[in-house]
Amino acid sequence: MNTAAAIIHKNIYTLGRSLYIPITCRCNSIPLPVTRGPGFLLPKSITDALVSVRNVECGEHHDVPLLNTEEERAALPDYPKKWLVNCLHDDLHSRSPSASEDKDTTDGYVLDDRIHPSITTLTNEAISYLNNKAPEHSFEQIVIAGEGEPTLRMDALLSISHQIQSYRKSQNEPPLPIRLITNGLVYTIPNFGYSPYNPRRNGAIPHHRHTVLRDMLEAGISRISVALNTNNRHEYDVLMEPCCFTSGNAVPGMAHDMVCEFILEAGKVGFDVEITGIDRPDIDKYETDRLARMLLSVAQRKKTNKVRWRQYFE
């Protein structure tokens, strides 16, 4: 493990008492920052980190101009539609087949899924933050989120979470809550986002979707925020442009169905589930809240059964 002093924090960022780890810029629907509207601005430190992930992962250089110089806030550069994919591994490896230098060294968890930023890089950045005992680094939770969809890169999601919790244990510290922010479309991803390069499974890919939730719990993830956005399955297709398919063909409304099933099942197995939506004028908030209450009615851990509505920026 690199020392904290030797690590430059390029790809991860802090917001309040949370440490955010973005693991990909690619997405299988309209990215969540884009859904916030054309006027959505972020602190410059956050946009710099998200653009760093873009540059490393896709080999393209993007600059982030300040749009609000007084508060140092900026907008992310336009999101290229070519980055909307339903299988991250197939898309990236068809263009870049060579593996990285990072190898597996901890408890059988993969450290090389042939995607950058590498799992080792992201883990080292996160642990260097946690190793800094300054008051501003006293985090209440880790959040795995960013511009892209984390579940497209399932092995990275699980490996980083596992290593963070293992580090906490080695320091005689209690587990730190880890929250996943997702569009909830993991059931529609081929192989559920698992890498074919993980030696822990000897090339085998899980076939049952409940493996996803079990593996997340075992890796130390306890909280999930899911962007439902609407109660209408066909409106969802228009808003989110999901990339999912069945037998190679898009099925209208299927994506929303899968998001609902993911929420329902995550609550059943014990995750602290939060449902979110964007407060757009054309969304039926009443019916969406009603759907949320139904989906969360079976959850083991019930903090709220309403949608957390986020502001839309014109």
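The residues lining the largest pocket divide into 16 nonpolar, eight polar and six charged. Here Ala, Val, Leu, Ile, Met, Phe, Trp, Tyr, Cys and Pro count as nonpolar, Asp, Glu, Lys and Arg as charged, and the others, Gly among them, as polar. The model is predicted: local features need pLDDT of at least 70 and side-chain atom pairs pLDDT 80 or more, while totals for chains, interfaces and linings use all residues. Residues are numbered from 1 along each chain as its sequence is written, and side-chain values use heavy atoms, without hydrogens and water.

A pocket is an open set of points on a 1 Å grid over the protein atoms alone, where a 1.4 Å probe fits, with protein on both sides within 12 Å along at least five of seven lines; lining residues have an atom within 4 Å of a point. A volume is the space filled by probe spheres set on the points.

| Pocket | Volume | Residues nearest the centre |
|---|---|---|
| Largest | about 630 Å³ | Leu15, Tyr20, Arg36, Ile181 and Arg310 |

Strand β9 (residues 272–279) gives the largest share of the lining of the largest pocket, four residues. Strands (E, at least two residues) and helices (H or I, at least four) are DSSP runs, numbered from the N terminus. The lining of the second largest pocket has 11 nonpolar residues, one polar and one charged.

Helices α5 (residues 154–170) and α6 (residues 210–219) pack at about 25 degrees, with axes 8 Å apart. The axes are lines fitted to C-alpha atoms over the stretch in contact, and angles run from 0 to 180 degrees between N-to-C directions. The two helices are therefore roughly parallel (angles under 35 degrees).

Terms used
Parallel < 35°, antiparallel > 145°, perpendicular 65-115°, else oblique.
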